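Here is a short briefing to read with the structure open beside you.

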Amino acid sequence: MKLADLVRELELEVLAGPDLEREVTGGYASDLLSLVMARAKAGQLWITLQGHQNIVAVAVLLELAGVIVAGGIEPDQETRKKAEEEGINLLASSLPVFELAGRLYQLGVRGIDHA
Amino acid sequence: MGDMAEQAIILEFSLQGQDFIRAGEASTEIKQRLKKLGFRPDVVRRVAIVAYEAEMNVIIHARKGSLRIEITPRRILIRTLDEGPGITDIEQAMQEGYSTASDMIRELGFGAGMGLPNIRRFADEFKLQSRVGEGTLLEATIHAD
Ligand SMILES: Nc1ncnc2c1ncn2[C@@H]1O[C@H](COP(=O)(O)OP(=O)(O)OP(=O)(O)O)[C@@H](O)[C@H]1O
Ligand SMILES: [Mg+2]
């Protein structure tokens, strides 16, 4: 599924959208950056409550399809700027993490391949 | 990678403790470079993870330091050297979940105590040496073939 479709379906706020045509191959949720580094895969969409700019480097390094900052948290201005510069899709949602993950799952986004 | 010179490519970055604004820049540059050189995606990914965790440990735990990477077609060597508090008990530091990170740093999502275990897991060779009160040296190698 394309990220643009998920943005529309879930009414995500686009804070930086340099590549919304990117294909989303799965999802991952965590606020611990070292866990994300070890477990998230290229092409996945990452849900987090972290809104500071260090999330952008993680997304770049792992080639994630994008980051959704959930729970109504407002990412820093620097985070948006950096996401735009680094070509990372940065989205926001007022939905809590659980709800957001559930709706993504319903739309066909999976966390692990064999689920 | 046949046209890559046998000679090693060496990149060096200086790192400043507590600089969370530039954090990750060194690893990002390394990752882009490896990609351009045509390394396999799984190799690029492993180097990115190792370099990031090593870079962040200097920024989070030390006063200042450096990250150096040596790239040859067969293997990539990542080394961080820092001036800082050092590590009292390396075996304990290697355990998943062990962290001395402050609450402020944990709020940023660091401090899961997973960085060193990640490095060991994703590197083919790994060495950690430290002198308490002086600093820490980390070396990790990833085989590209
Ligand atoms: N360069 C360093 N200088 C001093 N202490 C270090 C250094 N690197 C690691 N440590 C010590 O080892 C502990 C474990 O490191 P590790 O990278 O596994 O976890 P962390 O950095 O605390 O959290 P995370 O990496 O999950 O964000 C650290 O909390 C710190 O006490
Ligand atoms: Mg660490």
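Predicted model: local features only at pLDDT ≥ 70, side-chain atom pairs only at ≥ 80, totals over all residues.

The notes below start with the ligand and end with the aromatic side chains.

You will find ligand 1 between chains A and B, and the space it takes is the largest pocket.

**Around the ligand**

**Polar contacts and cover**
- From chain A, a polar side-chain atom of A:Ser34 lies 2.9 Å from an oxygen atom of ligand 1.
- In chain B, B:His61 places a polar side-chain atom 2.8 Å from an oxygen atom of the ligand.
- B:Gly111 takes part through its backbone: an N or O atom there lies 2.7 Å from an oxygen atom of ligand 1.
- On its own, ligand 1 has 590 Å² of accessible area, and the protein covers 96% of it.

**Aromatic side chains**
- How many aromatic pairs does the structure hold over all chains? There is one.
- In chain A, A:Arg110 lies over the face of A:Tyr105, at 3.8 Å from the ring centre.

Definitions and conventions:
Residues numbered from 1 in each chain as written. Chains lettered and ligands numbered in written order. Heavy atoms only, no water. Phe/Tyr/Trp six-rings, centres within 6.5 Å; stacked < 30°, edge-to-face > 60°. Lys NZ or Arg CZ within 6 Å of the ring centre and 35° of its normal. Near = heavy atom within 4 Å. Polar contact = N/O pair within 3.5 Å; in protein donor to acceptor, adjacent residues only side chain to side chain. Areas by Shrake-Rupley, 256 points an atom, 1.4 Å probe, with all protein chains shown as cover. 1 Å grid on protein atoms, 1.4 Å probe; cavity = no way out; pocket = protein on both sides within 12 Å on 5 of 7 lines; lining within 4 Å. Sits in = over half its atoms within 2 Å of the grid points.
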